[in-house]
Amino acid sequence: MEDPDPAQEDQYRADLTECLTVKVGEPVEISSEADLRDRYDRLIEQTACLQEAGYPISEPPSYQSYRDAFEAQGDTLSFWPLGEIGGEDGRIAASRCPFSPW
């Protein structure tokens with residue numbers, strides 16, 4: 001999956017947030033370091049599941065990199081393993097290795 005054109009970054013993030021809201025309800029607020037760490041740990045588990053299932057998922061960022069991106073961008077979308085898989089494969093992968101934002 002290609003990164004969005006930098007000129008379209010704001011629109012991309014708005015569209016993705018809207019999509020996630022429609023799919024899973026209200027966006028999850030990260031209100032503490034523990035919340036952020038919990039989300040990261042669950043994404044690490046999902047990454048391992050996807051890799052074990054044979055999906056070509058990139059190695060995850062370190063927690064510090066994830067935290068730095070969260071502080072800079074205000075969201076947790078810098079690390080989203082399912083975002084690397086598209087179309088029908090993505091739907092199958094999500095059912096094999098689900099992730100709950102809560």
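## Reading the terms against the values

Trainee: Why is aspartate 38 called partly exposed?
Mentor: The relative accessibility of aspartate 38 comes to 37%, and the term buried is kept for values under 20% and exposed for values over 50%, so aspartate 38, at 37%, counts as partly exposed. Bear in mind that this is a predicted model, so the value is computed from predicted atoms.

Trainee: What makes the pair of aspartate 38 and arginine 42 a salt bridge?
Mentor: The closest N and O atoms of aspartate 38 and arginine 42 are 3.0 Å apart, and the cut-off for a salt bridge is within 4 Å, so the pair is counted as one. Side chains of opposite charge can pair when their charged atoms come close. Aspartate 38 and arginine 42 are four residues apart in helix 2 and are therefore separated by about one helical turn.

Trainee: Is arginine 42, at a relative accessible area of 18%, buried or exposed?
Mentor: Arginine 42 is buried, because its 18% falls under the cut-off of 20%.

Trainee: How many salt bridges does a search of the whole structure find, and which residues are linked in a network?
Mentor: The search finds five salt bridges, and Glu33, Arg67 and Glu71 are linked in a network of them. One of the bridges joins arginine 67 and glutamate 71, with the closest N and O atoms 3.0 Å apart, and both of these residues lie in helix 3, four residues apart, about one turn of the helix. With a relative accessibility of 24%, arginine 67 counts as partly exposed, whereas glutamate 71, at 52%, counts as exposed.

Trainee: What distance, N to O, goes with the salt bridge of arginine 91 and glutamate 88?
Mentor: The side chains of arginine 91 and glutamate 88 meet at 3.1 Å, N to O, which is within the 4 Å that the term salt bridge requires. The two are three residues apart in helix 4, and so about one helical turn separates them. Arginine 91 counts as exposed because its relative accessibility is 52%, while glutamate 88, with a relative accessible area of 48%, is partly exposed.

Trainee: How do you know that cysteine 49 and cysteine 97 form a disulfide?
Mentor: Their sulfur atoms are 2.0 Å apart, and a disulfide needs sulfur atoms within 2.5 Å, so the pair qualifies; by this rule the count comes to one disulfide. The angle about the S-S bond is -75°, and the link of cysteine 49 and cysteine 97 is left-handed. Cysteine 49 lies in helix 2 (residues 33–52) and cysteine 97 in the segment after helix 4 (87–96), so the pair ties together parts that are 48 residues apart in sequence. Cysteine 49 counts as partly exposed at 27% relative accessibility, and cysteine 97 counts as buried at 3%.

Trainee: What makes the buried residues of helix 3 line one face of the helix?
Mentor: The buried residues of helix 3 are Tyr63, Tyr66, Ala69 and Phe70. Seen down the axis of helix 3, these buried residues fall within an arc of 125°, so they line one face. What covers them includes helix 2, whereas Glu71 and Ala72 are exposed on the other side of helix 3. Helix 3 is followed by glycine 74, whose phi is positive, near 80°.

Trainee: Why does isoleucine 57 count as buried, and with which residues is it in contact, leaving aside its neighbours within four places in sequence?
Mentor: Isoleucine 57 has 10% relative accessibility and therefore counts as buried, since the cut-off is 20%. Isoleucine 57 is found in the loop between helix 2 and helix 3 (63–73), and, with those neighbours left aside, it is in contact with Thr47, Leu50, Gln51, Pro81, Glu84 and Ile85. Isoleucine 57 and isoleucine 85 are 28 residues apart in sequence, with their C-alpha atoms 8.1 Å apart in space.

Key
Residues numbered from 1 in each chain as written. Predicted model: local features only at pLDDT ≥ 70, side-chain atom pairs only at ≥ 80, totals over all residues. Heavy atoms only, no water. Buried < 20%, exposed > 50% of the residue type's maximum accessible area, 1.4 Å probe, protein only. Contact = heavy atoms within 4.5 Å. Arc of directions from axis to C-beta.
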